[in-house]
Amino acid sequence: MTSVHVMDPLDDPRWAAFIEHHPRATVFHSPAWLRALRDTYGYEPFVLTTTGDGALDDGLVACRVRTWWAKRLVALPFSDHCDPLVRKDGDAEALYAGLRRRMEDGQWRSAEARPLTVACGWPAASSYAIHALDLSRPLDRVFAGFHASSTRRAIRRAEREALSYESGRSDALIATFFGLLRLTRRRHGVPPQPIAWFRALAHRCADAFTVHVARKAGRAIAAIVTLRFARTLVYKYGGSDARDHALGGMPFLFWRVIQQAHADGIETLDLGRSNFDQPGLIAFKNHLGAEQKVLTYHRIPGTGHRAPGTVTKDASLLARAARATLVRLPDPLFDMSGRVLYRHLG
């Protein structure tokens, strides 16, 4: 049996040095992201590696999610995907086996892996759509790849409406974004993430974290959050005012972000995961010309794979009842529901 060691990615400088040059490393592996998870939700990050001393050869980063309701190991909470960083696929088996042993030896009810490109032999638990847009092409080809009526026409409409664009990571911009996120989450019947999470990301990720806002006559109508790591930009969160969707604020915003990213040498725009029961969101990403793939999460003990877009009857009724209650809450209680719930959900 291959020996697997545990290290602290926040205290051991070898982790930051390792991910800096690993081709599969993303912002979700970064100490900045891990510190934001710890600051906001109290999760405890750790890395499993077959390396004892010296420079790392591999690593699987995960978090201990320990609340009164949840006791699990997750690689990695609130991260769309998180590959084990290995030299070749077969090397990941020892790291997954190490995570399984820790789950079975400790006081943990489950362990979850969210690989994007590296195979995992655990039972599949859920599947999602994942989109990525190639920005290594000339910018005119990227624009030509947009859907003619849904995206290019919307961008031209936004330009005729003289929408303005602003970006940064100030408290004021985070508050503006959060207000639009709350509107969107209320439409979907889902609480917003705590605003402390976005402030922690801005603090820990610094210049890699950016809020982008589109305005009409000074009023914010759409906003998104992006995170940069190496030559990849990740779209992570978005919000908008539905009263102004016809103005094309979101397509305009993405086009501005893509133009700036292209100028900065970004090669890939990671548009993140989408639930298969969100056909509008999936269509929006497809209309940007992004490549769609299937992203599968794996979990032990196995609970059976939920087919894309399906839920049990009881779960569906419970979800509808919860949503009907949540959407009626005033803003302070709606926000508080997110602060209470999310730390258990990672």
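**A pocket, a sheet and a helix pair**

Begin with the second largest pocket, which holds about 600 Å³ of space, a volume being the space filled by probe spheres set on grid points joined across faces, edges and corners. This is a predicted model, in which local features need pLDDT of at least 70 and side-chain atom pairs count only at pLDDT 80 or more, while totals for chains, interfaces and linings use all residues. Residues are numbered from 1 along each chain as its sequence is written, and side-chain values use heavy atoms, with hydrogens and water left out.

A pocket here is an open set of points on a 1 Å grid over the protein atoms alone, where a 1.4 Å probe fits, with protein on both sides within 12 Å along at least five of seven lines; lining residues have an atom within 4 Å of a point. Select T26, H81, L116, T268 and D270, which lie nearest the centre among the 26 lining residues.

Next, colour the open sheet of 12 strands, whose pairing is mixed; strands are DSSP runs (E, at least two residues) and helices likewise (H or I, at least four), numbered from the N terminus, and two strands pair if DSSP finds at least two bridges between them. Its edge strands are β1 (5–7) and β7 (164–168). Further in, β6 and β11 run antiparallel, joined by six bridges, and I130 stands opposite R273 in β11.

Finally, select α2 (residues 31–41) and α7 (residues 195–205), which pack at about 145° with axes 9 Å apart; axes are lines fitted to C-alpha atoms over the stretch in contact, and angles run from 0 to 180 degrees between N-to-C directions.
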